[in-house]
Amino acid sequence: MINGKKIGLVLSGGGAKGFAHIGVLKVLEQNGIIPDIIVGTSMGSTMGGFYAGGMSLDELELKSLEFKVMDLFDLNAFNITKRGIIAGNKFVKFIEKHTKQQLIEDFPIKYACTACDIKTGKEYIFDKGKFSVATRTSSAIPGIFAPFKKDDMMLVDGGVINNIPTHVAYNMGADYVISVDCIGENYLIKDIKSIIDIVMTSFSIAQYMLNQCKGYRADTKIVINNENSYLVAKKEITKQNISLGESEALKYVDKIKKDLGI
């Protein structure tokens, strides 16, 4: 809390582009802006959850630079299901390996992530329970990851309904919300080679257009126009994404500090 205001940070989805969130977090932390509430969807749910759960940014950056797509799923041996190319079990195990099966309600920073129930078209908010299950579900891109079944719901990526769910942060008590859109205007894949490229591009177009029509409220909107691929998580590309997050956040930090009176 800064000068009586609870700070909310909302992190968008965006695949490997979401490593830019680390750069944003670094700039905020260096300037004494520590969020009281973090809300994420898809990749934003993962990056935000690691941080909300107590992982230092140095550790998060190190793990991100070491990350390989194969850590989440074997591209040469898809666990094909009737509802998606990938079951998502390896994703859950990967998260649990690095978080020791943390529960969201035990996080030092208040946290939530979003998903969409494709049976009803309604948003679902994870604010308790296993973080590994929550972020796997929030990242379940339709057609790639199988939906997560919970009660009578069939939950998929939160970006289907809202890629920047700032309303959740306000509803959780935030007085001042900073949103981070790590896709911006560069939502198309220039070189479409695979079925995954087709699914990701179609999904991203829908997210972008939904955002343009629906809009969203935030006190400061950080937009990162990232030309890197959604899927490439090579060390050098991840470094670029993190640096891009830092450089863009630096453009807004003076405004945020002024708004908060610091």
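**Reading the helices of a predicted model**

Colleague: What makes helix H2 (residues 43–52) largely enclosed by the rest of the structure?
Modeller: 10 of the 10 residues of H2 are buried, so the helix is largely enclosed. Buried means under 20% relative accessible area (exposed is over 50%, partly exposed in between, with a 1.4 Å probe and protein chains only). The buried residues of H2 include Met43, Gly44, Phe50, Tyr51 and Ala52. Just after H2, Gly54 has a positive phi of about 110 degrees.

Colleague: What kind of model is this, and how are its residues numbered?
Modeller: This is a predicted model, in which local features need pLDDT of at least 70, side-chain atom pairs count only at pLDDT 80 or more, and totals for chains, interfaces and linings use all residues. Residues are numbered from 1 along each chain as its sequence is written, and side-chain values use heavy atoms, with hydrogens and water left out.

Colleague: Why is Thr238 called buried?
Modeller: Thr238 has 0% relative accessibility, so it counts as buried. Thr238 sits in helix H8 (residues 235–250). Helices are DSSP runs of H or I with at least four residues, and strands are runs of E with at least two, numbered from the N terminus.

Colleague: Which residues is Thr238 in contact with, leaving aside its neighbours within four places in sequence?
Modeller: They are Phe19, Ser64, Leu65 and Ala233; contact means heavy atoms within 4.5 Å. From Thr238 to Asn228 the C-alpha distance is 9.3 Å, and the two are 10 residues apart in sequence.

Colleague: Why are H1 and H3 called roughly antiparallel?
Modeller: Helix H1 (residues 20–30) and helix H3 (residues 57–66) pack at about 165 degrees, with axes 11 Å apart. Angles over 145 degrees count as roughly antiparallel (under 35 roughly parallel, 65 to 115 roughly perpendicular, the rest oblique). H1 and H3 are therefore roughly antiparallel to each other. Their crossing is left-handed: by that term, the near helix is turned anticlockwise from the far one by less than a right angle.

Colleague: Which residues of H1 and H3 meet?
Modeller: Ile22, Leu25, Lys26 and Glu29 of H1 meet Leu57, Leu60, Glu61 and Ser64 of H3. By class, this contact holds four nonpolar, one polar and three charged residues.

Colleague: How many helices and strands does the protein have, and what share of its 262 residues is buried?
Modeller: The protein has nine helices and 10 strands, and 54% of its residues are buried. Of the contacts with a separation of 6 or more, 77% are between residues 24 or more positions apart.

Conventions: Axes fitted to C-alpha atoms, helices over the stretch in contact; angles between N-to-C directions. Nonpolar A, V, L, I, M, F, W, Y, C, P; charged D, E, K, R; others polar.
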